[in-house]
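Dear colleague,

Here is the structure that I promised to pass on to you. Please open it first, and then read the notes below beside it.

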Amino acid sequence: MLKILSPRIHGVLDYAVVALFLLAPTLFRLEGTPATVAYVVAGIHLSLTLLTAFPMGVIKLIPFKVHGVIEVAALLGIAAAPWLFGFSENATARNFYLAAAALIAGVVVLTNYNTSEARAPQRAL
């Protein structure tokens with residue numbers, strides 16, 4: 001598979017995913033549980049991105065390869081969210097979560113996690 005996304009581009013896309021989940025309740029008129037889950041996902045994804053050892057990370061504690069593994073687990077949870085949280089009958093919310101999971105899966109598949117651009121985590125003093 002062609003790994004065309006650098007860690008820097010991956011990071012930019014991560015922040016775009018955070019924005020997408022923050023805006024989803026407004027853009028797609030999600031209310032109640034689907035909106036709450038969107039805000040929680042945005043917060044978790046933002047935290048992961050800020051804590052990752054790559055060009056777009058701030059604190060750089062999580063190795064970039066581990067970031068990728070966590071994203072795979074997260075995208076599976078995002079895809080399952082409509083059934084896990086009981087809103088699968090809401091077609092708009094269900095389809096948003098499935099599309100978001102597919103988008104994240106595409107980013108994961110296209111990202112080069114083995115590049116020297118990803119920095120080693122910082123060590124505590």
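**What was found**

From the N terminus on, the elements of the chain follow the order α-α-β-β-α-α, which gives four helices and two strands; helices (H or I, at least four residues) and strands (E, at least two) are DSSP runs, numbered from the N terminus. The radius of gyration, taken over C-alpha atoms, is 15 Å, close to the 14 Å that the globule rule gives for 125 residues, so the chain is as compact as a globular protein of that length; the rule itself is 2.2 Å times the number of residues to the power 0.38.

Please keep in mind that this is a predicted model, in which local features need pLDDT of at least 70 and side-chain atom pairs count only at pLDDT 80 or more, while totals for chains, interfaces and linings use all residues. Residues are numbered from 1 along each chain as its sequence is written, and side-chain values use heavy atoms, with hydrogens and water left out.

Along its principal axes, the C-alpha trace spans about 45 × 35 × 25 Å. Of the 125 residues, 38% are buried, where buried means under 20% relative accessible area, with a 1.4 Å probe and protein chains only. If we take the contacts (heavy atoms within 4.5 Å) between residues at least 6 apart in sequence, 66% of them join residues at least 24 apart.

The aromatic rings deserve a careful look, and the structure holds seven aromatic pairs. Rings of Phe, Tyr and Trp (its six-membered ring) pair if their centres lie within 6.5 Å, and planes under 30 degrees apart count as stacked, over 60 as edge-to-face and the rest as tilted. One of the pairs is formed by Phe 21 and Phe 96, which are edge-to-face, with 5.3 Å from centre to centre and 70° between the planes. This pair links distant parts of the chain, since Phe 21 belongs to helix H1 (residues 7-27) and Phe 96 to helix H4 (residues 91-110), 75 residues apart. Both Phe 21 and Phe 96 are buried.

The ring centres of Phe 54 and Phe 64 are 5.2 Å apart and their planes stand at 20°, so this pair is stacked. Phe 54 lies in the loop between strand E1 (52-53) and strand E2 (62-63), and Phe 64 in helix H3 (residues 64-84), so the pair ties together parts that are 10 residues apart in sequence. Phe 54 and Phe 64 are likewise buried.

Finally, Phe 21, Phe 28, Phe 87, Phe 96 and Tyr 97 form one aromatic cluster.

Terms used:
Buried < 20%, exposed > 50% of the residue type's maximum accessible area, 1.4 Å probe, protein only.
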